[in-house]
Every structure is written in C-alpha cells, then in structure tokens.
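Here is a short report for a reader meeting this structure for the first time. Have the sequence and the 3D view at hand while reading.

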Amino acid sequence: MLVAVKIGNSTINLAFFKDPYQSDFRIVSFDTQEVSSWTDNQKLLNCPFLSDNYNFDCIICSVVPEITEKFLDFFTNISHRTIVIDYKTPSGLKLNLNKPESFGVDRLVASVAAYELFKENIAVVDAGTATTITVVTSEKEIVGGAIMPGIGTMNYALNEKTSSLPLIDLNKDVEVLGKDTHSAILSGIVLGTIYAVEGIISEIEKKINRDLIILLTGGYSQLLSKYMHKKHLLNKYLVIEGMRLIYLKNIKN
C-alpha cells in the first residue's frame, strides 16, 4: 500500500493506494488549521484505511513546513519508507527557472502528472488557496507560470478587510452583471479569476509560440470549469496522481 499525504494551506488529503501501480485510491481529508492545533496523532492512527494496515510506504507533498515535520515524524515510525518531495526529488521534469528551490512542490507534482498524461505542452491551472498556472513543455521542462489569490482567499479577504462586504456562497450561479452585493462579489472573484487565467495563458502562448493544453485541478477547479470559455480538461486530484508517479520513479532509482 502507498499513503500519499498532500499538505495544503487549507486542506490535508491522505490518499490510500492499495496498489501504487494503479490510479485508484481512497481519500481522507482534514482541515489544515485543525491539524496544526493537534497535540498528538491519535486522529491519524484512527484513519479507517490506516488503523488496520501498517504495511505501506508513504510519500509527502507539503507547502506547510511546520506541519510537514508532524507528519514526517509520524509516518517515519510506522511506514517502511517515507519520501518527502522537494525540488531535488527525481521527477522526470527539469525546472527551467531562476530559483528552482523556491518553486512550489505542489506545482511540480501536478506538472509531473500532467506531462505523463499528455506528453505535450500544457498549462496546469491549480485552483486552491492560490490559483496558479504552471507551464510544462513537451521537452519535459517546467518553464514558469503565474500565481494569484485563490477564489476562497479573495472571498475571505473582502470580508475580513472591509466593514460591510459579506462572505458569499460560492455555490450560487454566477451572473456577469451583479444586481446586488452578493452577486457582484461572486461575479468579480469567479469571473475575474477565469478572465485572468485565460488572458495570462493566451499571453504565454504568444510568448513561447506554442499552443497549450489547459488542465484544471484543485478544490475550485470544478467551479472554474463551469464558466471557462477556453477548451480545457479537468482532473481534481492531479497532485495526488503526480505523487503516485513520483513514488514509482523513486523506488526504481
């Protein structure tokens, strides 16, 4: 068995692969802020897919260093092998960037899965706490991208940084012409994100003189997909698939 631990700014996902050579997995999720307040790992020990099976390897992809250590200590003690992914981890892709050590490991992992799926020029759009665009080429190179606030982040920021703007329900239908405060915010943060993503990708395509497959992933990917104009594909758990693939590459080395 393989346990893939994705530690994000908002959510921590534990994906359990009965057979790491297959893409099927079961998942358990925790709120990141909740986990940061844990005084022990009892809730991890009680995971339904973990409690009765300690015969496994573990791979960790984390963008929250202070929580990485908590999970690393836990899984190192009970798994056969634990891999923590960083920019030096063999992935099959080259980071053609100015400071590869600062590149988000979640973006790297998603790019690995995207490349293995298509082996073409791809823009990976990860819609989570931040909305990121990562460009990976058919030559196995990550060449750059863009980062902007995520949809949920903008929703909370408008509420917290103003005296009268409310948190809004992101499940409501989006209308471009908002007729009240709620619908206007919804239009701004959802359609604004989409127009930004599509516009940036168009400019990147001009700059590198290549057409890009657009692949959406992340917690808000289905929401973006609903209103996007550009042709695209959707894979909500691309990072988890990338972790499985990186694991297989590393146990072969």
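## A polar contact at Thr134

The side chains of Thr134 and Arg107 are joined by a polar contact of 2.8 Å. The model is predicted. Thr134 lies in strand β8.

Is Thr134 buried or exposed? Its relative accessibility is 2%, so Thr134 counts as buried, the cut-off being under 20%. Leaving out residues up to four places away in sequence, Thr134 touches Phe103, Arg107, Ser111, Ile122, Ala123, Val124, Ile142, Gly144 and Gly145. Opposite Thr134 stands Val124, with Thr134 in β8.

In β7, Ile122, Val124 and Asp126 point one way. Ala123, Val125 and Ala127 point the other way. All of them are buried.

Which strands pair with β7? One is β8 (residues 130–136), which pairs with β7 in the antiparallel sense over six bridges. The two strands form a hairpin, with two residues between them. Within this pairing, Val125 has Ile133 of β8 as its bridge partner. Another partner is strand β10 (residues 213–217), which pairs with β7 in the parallel sense over five bridges. Here Ala123 stands opposite Ile214 in β10.

## The six-stranded sheet

These strands belong to an open sheet of six strands. The order is β6-β9-β8-β7-β10-β11, and the pairing is mixed. At the edges are β6 (94–95) and β11 (233–234), each pairing on one side only.

## The five-stranded sheet

Another open sheet has five strands in the order β3-β2-β1-β4-β5. Its pairing is mixed as well. The edges are β3 (26–31) and β5 (82–84). Each has a single partner strand, so one side of each is left without a neighbour in the sheet. From one strand to the next, the twist averages 15°.

How do β2 and β3 pair, and over how many bridges? Strand β2 (residues 11–17) pairs with β3 in the antiparallel sense, over six bridges. Ala15 has Ile27 of β3 as its bridge partner.

Helices pack on this sheet. Helix α3 (residues 65–78) touches β1 (2–7), β2, β4 (57–62) and β5. The direction of α3 makes about 165° with that of β1. Helix α8 (residues 238–252) also packs on the sheet, touching β1, β2, β3, β4 and β5. The direction of α8 makes about 125° with that of β4.

## A pair of packed helices

Two packed helices are described by the angle between their axes and the distance between the axes. For helix α5 (residues 151–161) and helix α6 (residues 181–208), the angle is about 150° and the axes are 10 Å apart. The crossing of α5 and α6 is right-handed.

Which residues make the contact? From α5 come Ile151, Met154, Asn155 and Leu158. From α6 come Ile185, Ile189, Val190 and Thr193. By class, the contact of α5 with α6 has six nonpolar and two polar residues, with no charged ones.

Conventions: Residues numbered from 1 in each chain as written. Predicted model: local features only at pLDDT ≥ 70, side-chain atom pairs only at ≥ 80, totals over all residues. Heavy atoms only, no water. Buried < 20%, exposed > 50% of the residue type's maximum accessible area, 1.4 Å probe, protein only. Helix = DSSP H or I, 4+ residues; strand = E, 2+ residues; numbered from the N terminus. Pairing = 2+ DSSP bridges. Polar contact = N/O pair within 3.5 Å; in protein donor to acceptor, adjacent residues only side chain to side chain. Contact = heavy atoms within 4.5 Å. Axes fitted to C-alpha atoms, helices over the stretch in contact; angles between N-to-C directions. Left-handed = near helix turned anticlockwise from the far one by under 90°. Nonpolar A, V, L, I, M, F, W, Y, C, P; charged D, E, K, R; others polar.
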